[in-house]
Amino acid sequence: MDPIPVGLDPDSGQISAQLLPQMVSRHGLICGATGTGKTVTLRYLVEQLNQRGIATLVTDLKGDLTGLAAAGGGNAKVSERLSLFGLDNTYYHACPASLWGPGALPMRTTPTELGPELLGQMLNLNDNQQGLMQLLFRIADQLGLLLLDWKDLLALINFAERYRKELLPEFGTISPASLGAIKRKYLALETRGAEDLFGEPALELTDLIGDNRIHLLDASSMQPVIYGILLLWLLAELYENLPESGDNALRLVLFFDEAHLLFDDLPAPLREQVEQIIKLIRSRGVGVFFITQNPMDIPEGILAQLGNRVQHALRAYTPNEQRAVKAAAKSFRVNPDIDTETAIGQLAVGEALVSCLDKDGVPVPVERVFIHPPASRLSPLDDAERQQLMQGNPLAGKYTQTMDRESAFEQLRERRARMEEQAQVKAERPKPARKPASALEKSLGRAASSFGRQIGKELVRGLLGALSGGRR
Ligand SMILES: Nc1ncnc2c1ncn2[C@@H]1O[C@H](COP(=O)(O)OP(=O)(O)OP(=O)(O)O)[C@@H](O)[C@H]1O
Ligand SMILES: [Mg+2]
């Protein structure tokens, strides 16, 4: 596969930095102050990967990437850059893209898929509450309750609240205070539209990799915590479900814009898990590029794994900014011709220090280049263009209809109705002499056995489960 020419040395007029597709799974970093060209660099790399038949998933936090699906033109800075590279208007072209997010294809998962760890993280639970969340999943597992959408988990919480005493012998104490806190936090997220995260049809990873499209996830209206959780889940799922990629052949590249949102407030154990996943996911043929203003936004253990680097200009007014510049400068392999620390402060818009890995995985000495212009349009799609793009999408039929299978919410509602009916019958007739049922059986009716454990797969899932190996 052809190397991707990243930039051009303005002095020699030669292409002088290249990204090798076989090294993309060694991950990357694009950083720089606001307005310095990070998103344009990302856009160009995504276009180039797409041309080489590599699937990409790009998070779009400002809604400024949908123009990838339209041919470029009409931007003075870009056309100036085109001439610098000796290109003309015939270079502009649109890319095939799928839009995910509100008003497009819903990207959903289920509480079961997400698992108690990430749910706890999403709800910012303390240790006691987290322990209880694990227990709720165990209860659902034992009773064969499917947790597929938002109301299923709420029904489970309500169920545990109501039958605390009956659940005690089998599952131990359920603290009403902790349960109340979980419920409050859950409901608080719901009012901010988080329920869109859950439901069926859930995302199938094969749909991201199967076709030669750029998958754009519109995360502009997503709460940061939901954004973070969804992406962590995605990483865990990819790691867990993709087979080893023998020769490390590249399958998918993820571009996480505003990457600091992934790591803000991430507790240490989860951060370590993410570090692990980033390290291991390479073997699945998945590359991850982080885009952020300040490299110090990214945990050190992850930063150290990002082999391909594009550094746009940084400001250095405050001591914190100066530290960031020093750190960024030091992260490059030295090129005696370039004083990296000074250069970082001088770079123009769309200019960058670049160092990618060579074919042996060794970073090449840093180069100062003008980044290649993108072929797609910088301005976003208008409503009509969006509509048109959605209509032509082969995945629309599959994902835009919401499915509401019978799951915990319906199961528990049905169970209650049956229990009330039984209580009614019992009240109306004299007590027969029969073996006393256990408290749990009594309160749950026959439901536990009839729903049984028909679900073949383990329900207590999640990031930590994924990493501890053999879940299936
Ligand atoms: N490689 C380039 N070629 C031509 N013009 C560019 C290039 N990179 C950036 N520009 C110009 O600079 C503008 C800002 O770039 P961009 O949106 O990528 O900044 P950013 O670093 O992502 O900013 P923010 O942090 O605010 O998201 C673009 O709209 C474009 O006009
Ligand atoms: Mg940007």
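How many residues does helix α5 have, and how far does α5 reach from its first C-alpha to its last? Helix α5 (residues 150–162) has 13 residues and reaches 19 Å, close to the 18 Å expected at 1.5 Å a residue; the expected span is 1.5 Å times one less than the number of residues. Quite a few of its residues are tucked away: W150, D152, L153, L154, A155, L156, I157, F159 and A160 are buried, where buried means under 20% relative accessible area, exposed over 50%, and partly exposed in between (1.4 Å probe, protein chains only).

This is a predicted model, in which local features need pLDDT of at least 70 and side-chain atom pairs count only at pLDDT 80 or more, while totals for chains, interfaces and linings use all residues. Residues are numbered from 1 along each chain as its sequence is written, chains are lettered from A and ligands numbered from 1 in the order in which they are written, and side-chain values use heavy atoms, with hydrogens and water left out.

Zooming out, the chain has 20 helices and eleven strands; these are DSSP runs numbered from the N terminus (helices: H or I, at least four residues; strands: E, at least two). Of the 472 residues in the chain, 53% are buried. The chain splits into domain 1 (28–106 + 205–394) and domain 2 (111–197 + 404–429 + 436–467), with bounds from an automatic or database domain assignment. Their centres, taken over C-alpha atoms, are 39 Å apart. The contact (heavy atoms within 4.5 Å) takes 19 residues from domain 1 and 14 residues from domain 2.

Now for the salt bridges. Side chains of opposite charge can pair when their charged atoms come close. The structure holds 14 salt bridges, each a side-chain nitrogen of Lys or Arg within 4 Å of a carboxyl oxygen of Asp or Glu. Across the interface of domain 1 and domain 2, though, the rule finds zero.

D149 is buried at 12% relative accessibility, whereas K151 is partly exposed at 27%. Both belong to a network of salt bridges that also links D404 and E410.

Elsewhere, E341 pairs with K326, their closest N and O atoms being 3.5 Å apart.
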